[in-house]
Amino acid sequence: MTVEITLLPLGFQFTSPGPIIFQLGPLIIRWYGLLIAAALLIGVTLSQYLAKLRHVNPELLGDLVIWLVLAAIPGARLYYVLFEWEQYQQNPIDMIAIWKGGIAIHGAIIGGAIAALIFARLNKISFWQLADLVAPSLILGQVIGRWGNFFNSEAFGSPTDLPWKLYIPPERRPLDLISFDYFHPTFLYESLWNLIVFGLLIFLFFRDLRGRPRLKPGTLFLVYMVAYSSGRIWIEALRTDSLMLGPLRIAQFVSLAGILLGLIGLGWLYLLKRPLLDVLPPEVKETN
């Protein structure tokens, strides 16, 4: 199957070919799984390359990825299920059906951060150093992973007649929007935004290698938090399937918290000129 992009006089129209690439009896290959696997492979390769440039053992990053996968994917699913509990309480088995979609990047980040904290302490390496090496790979993985939403016809925006638009099949539309055919391709907006953030992080990383200026540990991850969250806030406002807590869009609330924490961390580093609190025991810090 191929992605259908119909050229219009003043724009283009996306049409998903569906979530399945190939099926042979019980064997099903889905776009969502393929994209996650691709994002992991590319992310590991990139993180190990950046680690070499920072004189960090690249094998350490390979080991860390195993921890991140074991924590981030369940964390992303659990986060989603908790806020969509009414949908899953009648069919609990669907809670593990991750191939059908329904994961939340904020859950993945929380789960991955906890795993990285434990990993850093066990291996006696700075958490913030690891976070800086992983941040570019993380946002690049988000660039790739957002296309899984396209193939699943999910995470789209409100109806639109803009020159660029996404066709959503009737069975995937909200009931109150069933009469509309075309919607904002919010997966594309976020993928492009994340690509810009990735470019910014890579630019800062190589600028740091040249010593203009030297970045303090934790800077890249904090910039990631601020930049990604800034885009997610306005993109989330367009979506029709946001996770909600009463009247609040959870992703916007968490993104706002990410921006504030990121700015506080950057202010701590560069205005107060004090290092971020790390997880290493004092005797380890003194030897570094």
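Predicted model: local features only at pLDDT ≥ 70, side-chain atom pairs only at ≥ 80, totals over all residues.
1. The hairpin. Strand β3 (residues 20-24) pairs with strand β4 (residues 27-30) in the antiparallel sense, over four bridges. Two residues lie between the strands of this hairpin, and G25 takes a positive phi near 65 degrees there.

2. I20 stands opposite R30 in β4, and the bridge partner of Q23 in β4 is I28.

3. Helices α2 and α4. Helix α2 (residues 58-83) packs on helix α4 (residues 105-123) at an angle of about 145 degrees, and their axes are 7 Å apart. The crossing of α2 past α4 is right-handed. On the α2 side the contact is made by L60, D63, L64, W67, L68, A71, A72, G75, A76 and Y79. On the α4 side it is made by H106, G107, A108, I110, G111, G112, A115, A116, I118, F119, L122 and N123. By class, the contact of α2 with α4 has 15 nonpolar, six polar and one charged residues. Among the residues listed are G75 of α2 and G107, G111 and G112 of α4.

4. Helices α4 and α7. α4 also packs with helix α7 (residues 219-236), at an angle of about 165 degrees and with the axes 13 Å apart. Angles over 145 degrees count as roughly antiparallel, and α4 and α7 are therefore roughly antiparallel to each other. The crossing of α4 past α7 is left-handed. I105, H106 and I109 of α4 meet Y224, Y228 and R232 of α7. Sorted by class, the contact of α4 with α7 has four nonpolar, one polar and one charged residues. H106 is listed in this contact and also in the contact of α4 with α2.

5. Helices α1 and α6. The axes of helix α1 (residues 31-53) and helix α6 (residues 186-209) come within 11 Å and cross at roughly 20 degrees. Angles under 35 degrees count as roughly parallel, and α1 and α6 are therefore roughly parallel to each other. α1 passes α6 in a left-handed crossing. L46, Y49, L50 and L53 of α1 meet F198, F205, F206 and L209 of α6. The contact of α1 with α6 has eight nonpolar residues, with no polar and no charged ones.

6. The record and the model. An unreviewed UniProt entry gives the annotation "transmembrane region" to residues 20-44, 64-83, 103-120, 187-206, 218-235 and 250-272. How much of residues 218-235 is helix? Over this stretch the chain is 94% helix and 0% strand, and the end C-alpha atoms are 26 Å apart. Over residues 250-272 the chain is 91% helix and 0% strand, with the end C-alpha atoms 31 Å apart. For the annotated segment 20-44, note that β3 covers residues 20-24 and β4 residues 27-30, while α1 covers residues 31-53.

Technical notes
Residues numbered from 1 in each chain as written. Heavy atoms only, no water. Pairing = 2+ DSSP bridges. Axes fitted to C-alpha atoms, helices over the stretch in contact; angles between N-to-C directions. Left-handed = near helix turned anticlockwise from the far one by under 90°. Contact = heavy atoms within 4.5 Å. Nonpolar A, V, L, I, M, F, W, Y, C, P; charged D, E, K, R; others polar. Parallel < 35°, antiparallel > 145°, perpendicular 65-115°, else oblique. UniProt positions renumbered as here; feature names shortened; annotations may be inferred.
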